[in-house]
Amino acid sequence: MEALYYHKESNNQVVCSLCPHNCRISDSKAGICKVRQNKSGVLTTKNYGRVSSIGFDPIEKKPLYHFYPGSEILSIGSVGCNLQCQFCQNWQISQTSVEDFKRRTEKIGSDEIIKIARSKERNSGIAYTYNEPTVFFEFMLDTAKKAKENNLNNVVVTNGFINQEPLNELNNFIDAYSVDLKAFNEAFFIKYTKSGLEAVKNTLINIAKANKHLEITNLVIPGLNDDKKEFRLMVKWIAENIGNQTVLHISKYYPTYKLKVESTPIEKMLELNRIANEYLDYVFLGNVLLPESNNTNCPGCGELLISRTGYVVRKHNVNSYGNCINCDTHVFDYLN
Ligand code: SF4
């Protein structure tokens, strides 16, 4: 299928403008993401309708804590990625092509996905996730359009490395984003992800301006992106540019894929949690066994609003308008 967002150049070359790599691709070659290929001067998307995983997940797993908490969401992923993170948790599907993928991808149409999504009562919509959805942009867009026609929400779980024009088009159909902000350090981005920080910052600002629900995840890797001063700059930037009500998930790192660094000590997680709480109202700790670090408390009076134990989510002192029952502070725009 022909891809969106590219132009043709001489000698059958094409330039893809979907993400900030802006790959120049010769005939029969693919871009950095391995799934957009030049076929005789036409850029094609090889993973259109090719799904590596499909299933219902708790929405908290995305992670999204303030978007229909306690619901499930039909989650789909394909193969390929425009980043090459040395610490990728899904490298088996992200760092491969359709041809080289060890398991076979399943061919599925948008209509079938909508049908599955509608088959479960507690399902809140469709999440484009697992591998980087930007690299299956056309299939995500077509499915998201149909999802909106069927009153389903669309959620994108992304590294945020996308050009602004395609993001603007996507915003027309997406309700919520979960974005990885992998560090607040350009050198880290270049060395460990083969991408860049500025583009991700632009994406975060764009999503916030489009008034979409946005939650940010920061994976803390000891010695690489856990500097206190740098972390403080990051949360200050989030508060000033996205808003102090932005949900931040500080996530514990475990060794995976190519990176051989010890997992994040709990003391470091707690220290960064304290710093983040100086600037942001809703900070959660991911991948740690500290139940209270996953509860939502009212920023106005401290009352417990939602508790989370694993993926068991309970509402407490919150009314159906998303307000704290004790002091009436508005906390949730999206509740079941
Ligand atoms: S989406 Fe893929 S082909 Fe297009 S610019 Fe990004 S990495 Fe290159």
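Predicted model: local features only at pLDDT ≥ 70, side-chain atom pairs only at ≥ 80, totals over all residues.

Modeller: Residues are numbered from 1 along each chain as its sequence is written, and side-chain values use heavy atoms, with hydrogens and water left out.

Colleague: Why is D57 called buried?

Modeller: Buried means under 20% relative accessible area, exposed means over 50%, and partly exposed lies in between (1.4 Å probe, protein chains only). D57 has a relative accessible area of 8%, so D57 is buried. Its place is in strand 7, residues 53-58; strands (E, at least two residues) and helices (H or I, at least four) are DSSP runs, numbered from the N terminus.

Colleague: What makes the pairing of the D57 and Y130 side chains a polar contact?

Modeller: A polar contact is a pair of N or O atoms within 3.5 Å; within protein, one must be able to donate a hydrogen and the other to accept it, and residues adjacent in sequence count only if both atoms are side-chain atoms. The D57 and Y130 side chains make such a contact at 2.8 Å. Y130 is also among the residues that D57 touches, together with K62, S71, E72, I73 and S75, not counting residues up to four places away in sequence. Contact here means heavy atoms within 4.5 Å.

Colleague: Which bond is called cis, and what is its omega?

Modeller: The peptide bond from K62 to P63 is cis, with omega near -10 degrees. P63 is placed in the loop between strand 7 and strand 8 (72-77).

Colleague: What lies 3.4 Å from the backbone oxygen of P63?

Modeller: A polar atom of the S178 side chain lies at that distance from the backbone oxygen of P63. S178 belongs to strand 12, residues 176-180. S178 has a relative accessible area of 2% and is therefore buried. Its contacts, leaving aside neighbours within four places in sequence, include K62, P63 and L64, as well as E215 and T217.

Colleague: Why is L74 assigned to the buried class?

Modeller: The relative accessible area of L74 is 1%, so L74 is buried. L74 is found in strand 8. Beyond four places in sequence, L74 touches I54, G55, F56, I113, I116, A117, N123, G125, I126 and A127. I116 is 42 residues from L74 along the chain, and their C-alpha atoms are separated by 7.9 Å.

Colleague: How do you know whether F136 is buried or exposed?

Modeller: F136 has 2% relative accessibility and therefore counts as buried. F136 is found in the loop between strand 10 (123-128) and helix 3 (137-149). Leaving aside neighbours within four places in sequence, F136 is in contact with N47, I76, G77, S78, Y128, T129 and N131.

Colleague: Why does G322 count as buried?

Modeller: Relative accessibility is 0% for G322, so G322 counts as buried. G322 lies in the segment after strand 18 (312-315). Its contacts, apart from neighbours within four places in sequence, are T329, H330, V331, F332 and L335.

Colleague: What makes the phi of N11 worth a remark?

Modeller: N11 has a positive phi of about 60 degrees although it is not a glycine. N11 lies in the loop between strand 1 (6-8) and strand 2 (14-16). With a relative accessible area of 71%, N11 is therefore exposed. S40 is likewise a residue other than glycine with a positive phi, near 55 degrees. S40 lies in the loop between strand 4 (36-39) and strand 5 (42-45), and its relative accessible area is 54%, so S40 is exposed.

Colleague: Why is K209 called exposed?

Modeller: K209 has a relative accessible area of 72%, so K209 is exposed. K209 is found in helix 6, residues 197-209.

Colleague: Which residues are around the ligand?

Modeller: They are C16, L18, C19, H21, N22, C23, I25, G31, I32, C33, R36 and N82; a residue is near a molecule if one of its heavy atoms lies within 4 Å of it.

Colleague: How many residues of each class does the shell around the ligand have?

Modeller: The shell has 7 nonpolar, 4 polar and 1 charged residues. Ala, Val, Leu, Ile, Met, Phe, Trp, Tyr, Cys and Pro count as nonpolar, Asp, Glu, Lys and Arg as charged, and the others, Gly among them, as polar.
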